[in-house]
Amino acid sequence: MGAIREASNRVHSFFHKQERDSDLDAELQSHIDLAVEENISKGMSPEEARRRALIRIGGVQQAKEHQREARGLPWLDVLLQDLRYTFRTLRRDSGFATIAILILALGIGANIVVFSVVDTILLRPLPFPEANRLVRIAPKVSKCGASCATYSTDAVQEFQRQNKSFSDFTGYDAFTAPGNWKLTGGGVPIPISQIDVMDNFFHTLRVQPLMGRLTFSAEESRPTGPKVVILSYPFWKRQLNADPNIIGKAISFGNTPTTVIGVLPDTFDFGAIYAPGTKMDVFTPYLYDQVREYGNMISLTGRLNPGVTLAQAQAEADLLFPTLDGSVKRGYKGGYTAQLWDLKDFVSGSLRRSLIILWGAVGLILLIVCVNLSNLLLARAAARSKEFAMRSALGAARGRIVRQLLTESLVLSAAGAILGLGLAFAAVFYLAHQGSIALPLLSSIRIDKTALAWTLFIAVTAGLFFGIIPGLRIASGNLQDALKDSAASTTGGQGTARLRTTLVISQIALACVLLIGAGLLLRSFLRVLDVDLGFEPSRASAILLDYPKGLDTAAKTAAFDREVLHRVEQIPGVQTAAITDSLPMSRNRSWGISAKGKHYEPGELPGTFVYVVTPGYLNAIGMRLVKGRDMTWEDNDPKQAVVIINETVARYLWPNEDPIDRIAIVGGADARVIGVIADVRETSAEAKSGWQMYISAAAPQYGPNDSHLVIRSTLPVSTLQPTVLAALRQLNPGQPAADLKPIQLLVDRASSPRRFFVYLVGIFAALGLILAALGIYGVISYSVTQRTQEIGIRMALGATQRTVQLRIISQTLRMAALGIVVGAIASLAVSSLIASLLFGTAPTDPATFAAIFMLLAAVALLAGYIPARRASRINPMVALRNN
Amino acid sequence: MALEKQEKLDLLQGTLDLMVLQTLATMGPLHGYGIARRIEEVSGDEVLLNQGTIYASLVRLQQRGWISAEWGTSDNNRKAKYYSITASGRKQWAKDTAYWHRLSMVMGRVLTMSVEGDL
């Protein structure tokens with residue numbers, strides 16, 4: 001009880017200082033008066049009585065000080081005193097404070113942003129209840145993109161019935177494309193992205209509806225059932241003005257009224273989990289019976305039963321999957337395998353290394369910032385050594401002075417952290433709202449409590465770290481020496497100079513590591529950009545084509561296609577145009593191709609990406625025909641289709657033979673090979689090209705399902721867009737207002753994660769370089785100031801401006817050389833860590849190393865030249881007279 | 001053994017506090033000077049008290065609620081702040097006194113033993 005009462009009284013006293021002090025003053029006065037009176041009554045003279053009274057009280061000031069400590073919150077008093085003093089000194093030295101806070105804000109801000117990214121993608125669980133039980137199921141070896149990452153409807157339903165590991169087992173149609181649907185009913189149709197998901201998809205993820213329900217009924221999952229749709233939150237907000245009574249209303253998609261049964265919450269983003277860089281607008285039921293015979297369609301996700309481990313589920317899957325039917329009706333086995341992944345690992349596992357490297361790089365930046373500030377503070381502390389000596393002489397304990405310096409550094413880092421948080425909020429907002437970086441979960445990135453805690457942690461750590469070195473340095477200095485007039489001749493000054501040089505060398509070394517890492521990543525990125533894609537993305541663009549109703553035969557469709565192409569090619573500036581059902585580096589699907597009459601082992605041939613294209617497509621997209629010919633509109637023989645293959649296929653199926661006019665089996669039917677094209681990088685510039693084939697859209701055998709109109713033109717997309725759309729809408733008023741998108745966008749999207757990392761690491765490296773340059777400049781400039789007298793004497797004795805400059809520059813370069821050597825050794829160790837992130841670049845790439853060494857040396861030279869120039873301008877007479 | 005130099009007895013946390021409590025418990029309300037003088041008198045010349053330190057002790061005891069203070073007038077008409085012990089102060093006084101008795105007894109025994117051991 002006493003303790004609580006005392007604490008509250010102490011707080012009370014702390015806030016009522018004046019009142020308490022005047023009370024104490026009066027009390028001490030009465031004490032003295034009483035003592036004097038008693039002494040006089042003992043026969044002393046009034047002076048003697050007063051003197052004795054004061055001796056006995058033992059110092060009125062001390063008595064007051066003791067009483068204040070006993071009644072109030074002395075530590076808080078000291079802290080407030082230190083803070084007040086800090087603010088006063090920083091205001092007096094506002095230039096220093098501004099630079100320090102800016103540097104810290106950049107360092108801490110960058111750390112907050114990267115932490116938020118890492119936390120969102122890597123550390124935080126997926127935004128679903130009990131997300132650790134969610135599992136992704138994919139074939140063990142995928143040779144053919146999406147087609148081999150999926151399972152047939154029969155197989156999935158069979159597994160659902162037989163398995164004991166999963167409480168829920170679900171999937172979605174993997175073959176959807178952005179803008180595949182159109183929202184109609186209000187003027188020009190708007191393209192939207194739709195996907196079929198199994199009835200229990202949202203239930204498996206445990207997503208709670210914002211409104212309505214998120215489960216499709218059995219009736220709704222039948223082809224003849226009622227047409228229903230679930231809306232994404234952004235779509236509901238944007239297109240339907242967040243209509244609160246939308247449930248049960250019908251919306252028209254492609255002129256088909258569809259009833260809204262549910263709206264997803266803001267927190268659910270399909271693309272963020274399953275298809276980074278894309279947005280899904282509406283979700284419709286997977287119509288099992290309609291697509292049952294379409295082959296492998298479903299991409300799988302399951303929720304494990306409580307208590308079932310991933311290994312147990314894997315064991316069961318290994319037993320069950322090979323027994324599943326590809327199609328019950330046609331009676332063939334799918335030959336399935338299944339690898340189970342923690343869904344989180346599947347989503348972000350491949351990014352783990354990149355993100356950890358990024359985290360390391362940004363940590364390195366903070367380290368450089370700290371070293372830099374340590375250096376700045378040391379210079380400042382050296383300049384303030386007299387002030388500290390004075391305070392010490394007046395009775396301040398060394399601990400108190402160190403505490404004062406730490407308070408200053410913590411105030412600086414707190415200010416830096418606050419500004420850094422502001423910068424980070426802006427950067428994170430940008431990252432969450434851009435749509436072009438294909439990183440998973442990026443849309444849900446935000447600065448949350450964890451990130452704030454992290455900010456606090458790094459701010460305090462940084463403040464202590466960069467404050468402790470100058471603090472200890474000052475505390476260990478010889479104060480008497482400091483009090484003497486010539487500060488330059490103190491040993492403390494020299495020791496400080498050595499410490500500062502060491503700090504700058506380590507700064508250069510750290511910057512060197514960062515720069516070499518960034519250099520290697522940049523070179524890899526340039527290599528990726530340099531890859532021969534096998535097609536020419538520049539000047540090609542594509543728009544999703546809509547077909548009017550009533551084109552029920554291949555001939556009618558072909559006629560419409562020709563009409564479209566004819567119209568579009570007449571637009572001034574358009575060189576050529578063609579139609580394909582899939583674009584490179586976007587959706588892919590695969591069939592089989594084999595040479596007729598040859599025998600292949602089961603599983604020997606990989607799946608082959610298939611494209612249904614019109615004549616002229618090769619030209620329009622810029623693919624190179626190496627043998628044979630392109631298709632024509634006359635290649636529409638219903639008995640024998642034609643096919644164009646890529647070199648990889650030709651080499652395997654007809655080794656050392658001319659593949660032209662050979663007969664291949666494509667999807668079970670005969671097709672004549674009419675051409676061979678150079679390999680095309682199908683999924684990204686970094687992945688090897690697989691098997692590809694192109695078949696004629698004019699042929700009745702293979703009808704396309706989506707159609708992209710590809711246009712090659714010298715005109716910019718923005719100029720072309722309205723005229724193309726006008727032409728299309730003339731032929732088909734139902735054509736939605738889709739965007740004409742440059743093919744380059746697809747290529748960029750595929751390389752966007754690499755671009756993202758390269759940009760960030762590059763920015764950090766540039767920051768590191770600037771900070772290192774600042775550090776070099778600071779130290780050299782300081783040493784020039786310190787040695788003004790010495791330089792003056794040298795010049796008086798006949799040293800030329802040139803020799804003075806050379807001395808200082810060589811001092812700088814020695815420092816830089818040491819830093820570079822240390823940095824190079826560290827880089828060799830670090831570069832092996834990032835080897836797996838490099839593309840076509842060795843981790844010891846000599847060109848990169850050499851370039852970075854030269855860059856660092858050049859920057860060091862520049863940073864040293866400025867003070868060297870100043871030194872050489874010293875007037876010996878002035879320098880000597882001043883001291 | 002007389003102490004030549006001024007020893008700060010209140011370095012032993014609570015020593016001076018207990019002296020103050022004892023003085024107030026036995027003498028009734030007193031001002032700071034009176035308490036200091038009383039302690040000096042009772043302890044003879046053994047304790048050379050820095051009278052000023054008494055005020056840290058007084059404010060501490062006051063904030064713990066063991067003594068209370070009030071401005072009053074002295075016999076010869078001087079304004080002074082008078083302290084008196086509270087009920088909870090008396091409890092604390094009893095507790096601390098018992099503790100000190102036990103401690104000094106134990107210390108006495110231990111020190112006697114060590115002298116014998118030396119011989």
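Which helices of chain A are included in what covers the buried residues of H3(A)? Helix H2 (17–41) and helix H4 (60–71) of chain A are among them.

1. Ground rules. This is a predicted model, where local features need pLDDT of at least 70 and side-chain atom pairs count only at pLDDT 80 or more, while totals for chains, interfaces and linings use all residues. Residues are numbered from 1 along each chain as its sequence is written, with chains lettered from A and ligands numbered from 1 in the order in which they are written.

2. Helix H3(A), residues 46–57. Its end C-alpha atoms sit 17 Å apart, which agrees with the 16 Å that its 12 residues should span at 1.5 Å a residue (1.5 Å times one less than the number of residues). Buried here are A:Ala53, A:Arg56 and A:Ile57 (buried: 20 or more other C-beta atoms within 10 Å of its own; exposed: 12 or fewer; C-beta atoms placed from the backbone). Down the axis of H3(A), the buried residues fall within an arc of 95 degrees, so they line one face. Exposed A:Glu47 and A:Ile55 are on the face turned away from that buried side. Just after H3(A), A:Gly58 has a positive phi of about 75 degrees.

3. Strand S3(A), residues 166–173. Six of its eight residues are buried. S3(A) runs antiparallel to S12(A), residues 296–304, over seven bridges; A:Asp168 has A:Arg303 as its bridge partner there.

4. The A–B interface. Here 19 residues of chain B are in contact with 25 of chain A (contact: backbone-placed C-beta atoms within 7 Å). On the chain B side, H3(B) gives the largest share, five residues.

Methods:
Two residues are in contact if their C-beta atoms, placed from the backbone, lie within 7 Å. Helices (H or I, at least four residues) and strands (E, at least two) are DSSP runs, numbered from the N terminus. Two strands pair if DSSP finds at least two bridges between them. The arc is that of the directions from the helix axis to the C-beta atoms.
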